[in-house]
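Work through the aromatic contacts of the structure shown below. Each exercise is followed by its solution.

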Amino acid sequence: MEFELWFLLVVPILFLAGWWCRGKDQQHRDKERQSRAYFKGVNLLLNDQPDKAIDALIEVVKLDPETIELHHALGNLFSRRGEFDRAVRIHNHLFNRADLPNSERLLALYELGYDYLKAGLFDRAEDSFTRLMNEPEYRLDAMRALLKIFCTEKEWFKAIEMAARLETEAGENHQVDVAHYYCELADASLRQKKLEEAKEFLKQALNSDRHSVRALIALGDIAMLEQDAESALNYWTRIEQVSPDHLTLVIARMAQAYEQSGQHEQAINIVQRAFSDHSGPEMLLLASDFIAKTEGPQAAQHLLKDALTNNPNLLAFELLAEMRLKERPDDMELQLLVKLLKPEVSRIGRYQCTHCGFQARSFQWSCPGCSSWGSYPPKRY
Ligand SMILES: [Zn+2]
């Protein structure tokens with residue numbers, strides 16, 4: 001009887017001890033697996049193999065959901081690789097975890113905002129950053145991100161307001177950019193033929209940046225629409241004072257305004273003066289085209305020959321060959337020459353962003369590559 005009682009007591013104790021040891025052993029094995037996967041992930045990252053690293057790091061996260069930093073790192077890796085769905089899932093999960101410290105949840109919200117921004121989900125990105133504006137630590141960064149969103153979404157009034165806030169709170173200068181926002185508003189008004197409204201926006205642009213070449217060009221364009229060549233010329237002449245390099249953008253318009261008001265000599269003079277002041281493909285194209293239209297092809301060929309003598313270049317040679325081909329369309333050698341030169345010439349004469357190097361065939365006020373304002377010099381390369 002005594003033996004049976006002892007037996008009944010020992011069996012459960014042995015069972016519990018076995019279960020405990022098994023648990024400990026399992027924990028130990030998990031820890032080992034976790035560290036192996038972790039070091040494998042880091043090693044793969046160092047070897048620039050993010051795809052394989054992600055698989056290894058996912059295993060660590062599965063084994064230990066408390067590795068918050070690793071969650072952030074993994075989310076950012078997905079985001080950088082363009083896998084926004086997965087990045088959003090991770091950052092959203094962190095943001096919704098009520099047991100995490102507030103600082104971790106706010107960081108996740110900030111990262112979530114950028115996931116949405118990169119994925120082009122601007123409404124959601126705006127929502128995330130608007131919430132972060134109430135957090136002192138993230139306020140300024142959130143405002144900068146919101147300004148970016150408003151510009152992408154072409155919400156110019158909101159962009160103007162946000163730029164003003166950044167000027168007050170962060171001491172940043174956004175005057176030049178704000179002038180561009182007003183010019184964008186003016187462009188929209190012009191598309192709807194609301195000339196007076198466009199003029200008001202352009203005056204605001206000049207209030208923000210009195211050197212705004214873009215506003216002066218547009219005011220001149222509106223004056224031309226109103227058949228007021230004299231006012232147009234006044235606006236465009238001011239460009240020479242504020243930024244002489246940008247004059248090349250309006251020379252053709254100025255020449256046209258002079259022609260329209262019967263001042264042919266001034267038209268020729270301004271083109272020739274600009275041609276001698278600003279060498280380069282832009283003025284070469286413009287001057288040869290203008291002289292061909294107003295003075296005839298012989299005068300244009302004369303100009304191109306002078307250009308070739310003073311500064312031998314492929315563009316002038318190709319333009320000359322093209323003009324000669326128009327006179328002698330059956331000349332097989334000329335046909336072949338133009339055919340050979342055209343592709344070479346098409347590669348030169350592009351505008352280039354000074355911030356990111358993005359090249360564009362036509363002049364841009366805002367870079368399609370990096371969204372910078374006024375980063376294109378008015379010069380073709
Ligand atoms: Zn750029």
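This is a predicted model: local features need pLDDT of at least 70, side-chain atom pairs count only at pLDDT 80 or more; totals for chains, interfaces and linings use all residues.

**Exercise 1.** Find how many aromatic pairs the whole structure holds, then classify the pair Tyr110 and Tyr114.

Solution. A search of the whole structure gives 10 aromatic pairs. For Tyr110 and Tyr114, the ring centres are 5.3 Å apart and the planes meet at 75°. Pairing requires centres within 6.5 Å, and planes over 60 degrees apart count as edge-to-face. The pair is therefore edge-to-face.

**Exercise 2.** Classify the pair Tyr110 and Phe129 and locate both residues in the chain.

Solution. The ring centres of Tyr110 and Phe129 lie 6.3 Å apart, with the planes at 80°, so this pair is edge-to-face. Tyr110 belongs to helix H5 and Phe129 to helix H6 (residues 122-132). The two residues are 19 residues apart, and their pair links distant parts of the chain. Both Tyr110 and Phe129 are buried.

**Exercise 3.** Which residues form one aromatic cluster with Tyr110, and which ring has Arg105 over its face?

Solution. The cluster consists of Tyr110, Tyr114, Phe129 and Tyr138. Arg105 lies over the face of Phe95, at 5.1 Å from the ring centre.

Note on methods:
Residues are numbered from 1 along each chain as its sequence is written. Side-chain values use heavy atoms; hydrogens and water are left out. Rings of Phe, Tyr and Trp (its six-membered ring) pair if their centres lie within 6.5 Å; planes under 30 degrees apart count as stacked, over 60 as edge-to-face and the rest as tilted. Helices (H or I, at least four residues) and strands (E, at least two) are DSSP runs, numbered from the N terminus. Buried means under 20% relative accessible area, exposed over 50%, partly exposed in between (1.4 Å probe, protein chains only). A charge sits over a ring if NZ of Lys or CZ of Arg is within 6 Å of the ring centre and within 35 degrees of the ring normal.
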